[in-house]
Amino acid sequence: MIKSMTGFGRGEYSDGKRNVIAEIKTVNHRYADINIKMPKRYSFAEEKIRALVRGKVKRGKAEVSVMVENITEDDMLIKLNALAAKQYMDNLAELKDAYQLAGDIDLKLLAGMPDVMKSVPDVANEDEVIEVACEAVRLATDNLDEMRLAEGGKLAEDLAMRGRLVRDLVGKIEVRAPLVVKDYVEKLNNRMQELLGDASIIPEERILAEAAVFADKSNITEELVRLDSHMKQLADILSASSDPVGKKLDFLVQEMNREANTIGSKANDLEITSLMLETKSEIEKIREQVQNIE
């Protein structure tokens with residue numbers, strides 16, 4: 001199934017000691033880029049979470065947010081920073097003496113100073129925390145995948161439709177292409193009659209030689225065959241693949257554009273040029289959609 005690179009997933013899990021909420025938002029990106037935001041005290045779980053997300057997000061930028069709410073105080077430890085408290089005391093006493101200030105340094109004032117009381121990690125069982133965090137993330141990735149698959153299905157339908165449009169246009173060009181040389185010979189013959197006069201003998205071998213040169217320069221058979229083949233490949237990839245195909249489709253679209261540009265430059269015919277403009281417009285729409293696929 002085709003997956004979109006954009007999506008959102010949320011998961012929540014509790015083990016009775018802590019409640020973990022995980023949210024994942026993904027957007028388009030050329031490579032897999034995973035950023036994780038979570039409380040610093042639980043940073044030991046980050047690599048496990050990253051590996052879990054990487055298993056689901058093969059391409060795209062993922063913003064992962066993990067919030068931990070402690071139901072018990074098992075993970076919470078408040079410590080006194082005695083060195084910081086002493087420095088505050090010394091500096092406040094010096095400030096009082098230097099400016100002859102009134103007032104006392106009390107407990108409330110000192111305890112409210114930055115870094116005097118610090119919350120430090122005190123996780124007795126890291127594996128336990130990793131397990132509950134990963135379970136929340138796993139639920140989030142499942143919901144993310146559901147959304148990305150739904151969006152991917154819509155993208156696949158649109159791409160398949162545009163692929164069929166291009167094949168129809170290629171079919172019209174194939175019908176028109178053999179007539180281009182015939183029209184050229186007729187125009188060349190008429191032009192020579194205008195220049196040499198109706199009574200003049202027009203050298204048929206010269207016209208045939210000019211026609212052969214023109215036919216060789218304007219021959220687009222190979223390009224049409226390859227472009228049609230690319231469209232078949234597009235349909236096959238959309239219907240059969242289960243692996244990430246975004247990069248493969250990127251390359252395929254480049255090849256489509258290459259053939260379309262060559263056809264446009266060689267055709268030398270207004271009707272084919274018009275059809276190729278339609279074709280290139282559809283290929284550009286395919287390219288834009290492919291940028292959204294994992």
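Which residues in H6 are buried? This is a predicted model in which local features need pLDDT of at least 70, side-chain atom pairs count only at pLDDT 80 or more, and totals for chains, interfaces and linings use all residues. Residues are numbered from 1 along each chain as its sequence is written, and side-chain values use heavy atoms, with hydrogens and water left out.

**View 1. Helix H6 and its buried residues.** Here is the reply to the opening question: Glu223, Leu224, Leu227, Asp228, His230, Met231, Leu234, Ile237 and Leu238 are buried in H6. Buried means under 20% relative accessible area, exposed means over 50%, and partly exposed lies in between (1.4 Å probe, protein chains only). Helices (H or I, at least four residues) and strands (E, at least two) are DSSP runs, numbered from the N terminus. H6 has 20 residues and spans 29 Å from its first C-alpha to its last, close to the 28 Å expected at 1.5 Å a residue; the expected span is 1.5 Å times one less than the number of residues.

**View 2. The largest nonpolar core.** A nonpolar core is a set of buried Ala, Val, Leu, Ile, Met, Phe, Trp, Tyr and Cys residues joined through side-chain atoms within 4.5 Å. At least two residues each come from helix H4 (126-196), helix H6 (221-240), helix H7 (246-266) and helix H8 (270-290). H4 gives the most, with eight residues. Zoom in on Leu234: leaving out residues up to four places away in sequence, Leu234 touches Leu159, Gly163, Leu249, Leu252, Met256 and Ile286, where contact means heavy atoms within 4.5 Å. A second, separate core has 23 residues, including Tyr42, Val64, Val132 and Leu144.

**View 3. The four-stranded open sheet.** The strand order is E1-E2-E4-E3, with mixed pairing. Two strands pair if DSSP finds at least two bridges between them. At the edges sit strand E1 (7-14) and strand E3 (32-37), each pairing on one side only. On average, neighbouring strands are turned by 15 degrees against each other, direction ignored. E3 runs parallel to strand E4 (residues 60-70), and six bridges join them. Look for Lys37, which stands opposite Ser65 in E4. Helix H1 (residues 46-54) packs on the sheet, touching strand E2 (18-27), E3 and E4, and its direction makes about 140 degrees with that of E3. Axes are lines fitted to C-alpha atoms, for helices over the stretch in contact, and angles run from 0 to 180 degrees between N-to-C directions.

**View 4. The aromatic pair of Tyr42 and Phe44.** The structure holds one aromatic pair. Rings of Phe, Tyr and Trp (its six-membered ring) pair if their centres lie within 6.5 Å; planes under 30 degrees apart count as stacked, over 60 as edge-to-face and the rest as tilted. Tyr42 counts as buried because its relative accessibility is 2%, whereas Phe44, at 25% relative accessible area, is partly exposed.

**View 5. Pro178 in helix H4.** Pro178 is exposed, since its relative accessible area is 57%. The C-alpha atoms of Pro178 and Thr221 are separated by 9.5 Å, although the two residues are 43 residues apart along the chain.
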